[in-house]
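Subject: Handing over a structure

Dear colleague,

I am passing a structure on to you, and I would be grateful if you could look through it with the notes below beside you.

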Amino acid sequence: MPEAKESSFAAMNRTVVQRKSDRELVVTRTFNAPARIVFEAWSKPELFTRWWVPKSVGMSLLSCDMDIRTGGTYRLVFSHPAFDQPIAFFGTYREVTPHKRLVWTNEDSDQGAVTTVTFEENAGKTLVTFHELYPTEAALEEALAGSAEGLPEQFAQLDELLAGRS
């Protein structure tokens, strides 16, 4: 019977990626850690840099500046052997509710999404819901063919980081 318990826990921790509409992407995963610990991994640069970039893509995060407060900004600079120059992603935090919710804009292009991440704790585990709303269907299509493909790997990396912190 222990095997059934393990497999149900593994299924619960699986990353689920869903296209909710022509412009919306929703990713969910339950982490075996309290919301405060999971939120720290999203809001402390020294933790965020350890899991955000999928290892399989060969990209490096050169810098990570995050002013985690409503109205604060972020700027992430990446390099990749295929890029001539480093590439920056940046935006503004629209809402920061510690241990519960983060909302930010992606302002590096006019096709950037508004991203909302919620943290719902239940019995010491945290359901993370990552929601992106794109300005156009084409922008979502581009994300699905690019950065969104890495989300399951990113969430698995976050799971590994959290295993050592809770």
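I begin with His99, which sits in the loop between strand 5 and strand 6 (101–105); helices (H or I, at least four residues) and strands (E, at least two) are DSSP runs, numbered from the N terminus. This is a predicted model, in which local features need pLDDT of at least 70 and side-chain atom pairs count only at pLDDT 80 or more, while totals for chains, interfaces and linings use all residues. Residues are numbered from 1 along each chain as its sequence is written, and side-chain values use heavy atoms, with hydrogens and water left out.

His99 has a positive phi of about 70° although it is not a glycine, and most residues other than glycine have a negative phi. His99 is partly exposed, at a relative accessible area of 34%, where buried means under 20%, exposed over 50% and partly exposed in between (1.4 Å probe, protein chains only). Ala123, in the loop between strand 7 and strand 8 (125–133), likewise is not a glycine and has a positive phi, of about 55°, and Ala123 is exposed, with a relative accessible area of 72%.

On the aromatic side, the structure holds 16 aromatic pairs, counted when rings of Phe, Tyr and Trp (its six-membered ring) have their centres within 6.5 Å, with planes under 30 degrees apart taken as stacked, over 60 as edge-to-face and the rest as tilted. One of them joins Trp42 and Trp52 edge-to-face, at 5.9 Å centre to centre and 65° between the planes. Trp42 belongs to helix 2 (residues 35–43) and Trp52 to the loop between helix 3 (45–48) and strand 3 (60–66), so the pair ties together parts that are 10 residues apart in sequence. Trp42 is buried, with a relative accessible area of 2%, and Trp52 is buried too, at 14%.

The ring centres of Phe78 and Phe89 are 5.6 Å apart and their planes lie at 70°, so this pair is also edge-to-face. Because Phe78 lies in strand 4 (residues 73–79) and Phe89 in strand 5 (residues 87–97), the pair ties together parts that are 11 residues apart in sequence.

Lastly, Thr115 is found in strand 7 (residues 114–122) and is buried, with a relative accessible area of 0%. The side chain of Thr115 makes a polar contact with that of Glu132 (3.0 Å), a term for a pair of N or O atoms within 3.5 Å where, within protein, one must be able to donate a hydrogen and the other to accept it, and residues adjacent in sequence count only if both atoms are side-chain atoms.
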